[in-house]
Amino acid sequence: KIKNINIENTKVVELVELKRDLEFLKGTSLLFLDEVKIIDVIKKYEFIANMSLRKSYPNTVEIKIFEKKPIAVQVLGNHKFYITEEGEKLIFFNNVFYEDLPLIFGNQKNFSSFFREIKQINFASSQIKAFYYFDIGRWDIVLSNDKIIKLPEKDYMKILMNINSILNDKNFSKYRILDYRIKDQLILE
């Protein structure tokens, strides 16, 4: 009979509530564990991406939780959502682990692919305070030092690959806006 339920690896998921929801396991047979019922309970938690289950004899079930990882907070009108690495929208709630995430303003559905491209070129994503998406298909990036990078609709990856050198160049330090919207030009303000 199961006497102990050990759950590990939770940051966001409320551990006490999850343990309470899994209490039905106590007193049942460890050999004939109803994994379908466990999965049904786990599905109720939006932040859980996956889990692994291990039977630890004689009387313990060990559950390891793998949570979804938000990369930004999208602001749409008066509503906020976490956006995960996979592009999934999750209901927003204040959480100490995710209070420094960049904000996204605008109704852009493919943010996660844009963010992956930024990470691939080693752009310092930790310096990003906000992303502004415009319906014409372009982005503005606001950095933590309040500098604004205005990107064109197309071919912005070439710009982003060189942006670190420009941001670190002292000759550009006095400019607050780096506007790349016009092809082959950089307008400084």
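Residues are numbered from 1 along each chain as its sequence is written, and side-chain values use heavy atoms, with hydrogens and water left out. Because the model is predicted, local features need pLDDT of at least 70 and side-chain atom pairs count only at pLDDT 80 or more, whereas totals for chains, interfaces and linings use all residues.

Helices (H or I, at least four residues) and strands (E, at least two) are DSSP runs numbered from the N terminus. Two strands are taken to pair if DSSP finds at least two bridges between them. Strand β3 (residues 60-67) pairs with β1 (residues 4-8) in the parallel sense over five bridges. Strand β2 (residues 48-56) runs antiparallel to β3 and is joined to it by eight bridges; β2 and β3 form a hairpin with three residues between them. Residue K64 of β3 is the bridge partner of E8 and also that of S52.

Helix α2 (residues 35-43) has I38, V41 and I42 as its buried residues, where buried means under 20% relative accessible area, exposed over 50% and partly exposed in between (1.4 Å probe, protein chains only). Seen down the axis of α2, these residues fall within an arc of 100 degrees, so they line one face of the helix; the arc is that of the directions from the helix axis to the C-beta atoms. The buried residues of α2 pack against α1 (15-21), β2 and β3, contact being defined as heavy atoms within 4.5 Å. The exposed residues V36 and K43 are carried on the face of α2 turned away from its buried side.

An open sheet of nine strands with mixed pairing has the order β6-β5-β4-β7-β8-β9-β10-β11-β12. Its edge strands, β6 (89-91) and β12 (187-188), each pair on one side only. Strand β5 (residues 79-84) pairs with β4 in the antiparallel sense over six bridges. The bridge partner of V73 in β5 is Y82, and V75 stands opposite K80. The hairpin of β4 and β5 has two residues between the strands, and G77 in the turn has a positive phi of about 65 degrees. Three bridges join β4 to β7 (residues 103-105), and these two strands run parallel; here V73 stands opposite L103. Six of the seven residues of β4 are buried, so this strand is largely enclosed by the rest of the structure.

Helix α4 (residues 156-168) has 13 residues and reaches 19 Å from its first C-alpha to its last, close to the 18 Å expected at 1.5 Å a residue; the expected span is 1.5 Å times one less than the number of residues. A kink of about 45 degrees in α4 is centred on N162, the bend at a residue being the angle between axes fitted to the seven residues ending there and the seven starting there. Residues Y156, M157, I159, L160, I163, I166 and L167 of α4 are buried, and the buried residues of this helix pack against α3 (111-120), β9 (138-143), β10 (148-150) and β11 (177-179).

A nonpolar core is a set of buried Ala, Val, Leu, Ile, Met, Phe, Trp, Tyr and Cys residues joined through side-chain atoms within 4.5 Å. The largest such core has 27 residues, of which F111, F131, I141 and I149 touch the most other members. Its largest share, seven residues, comes from α4. A second, separate core of 25 residues includes I2, I5, I7 and Y45.
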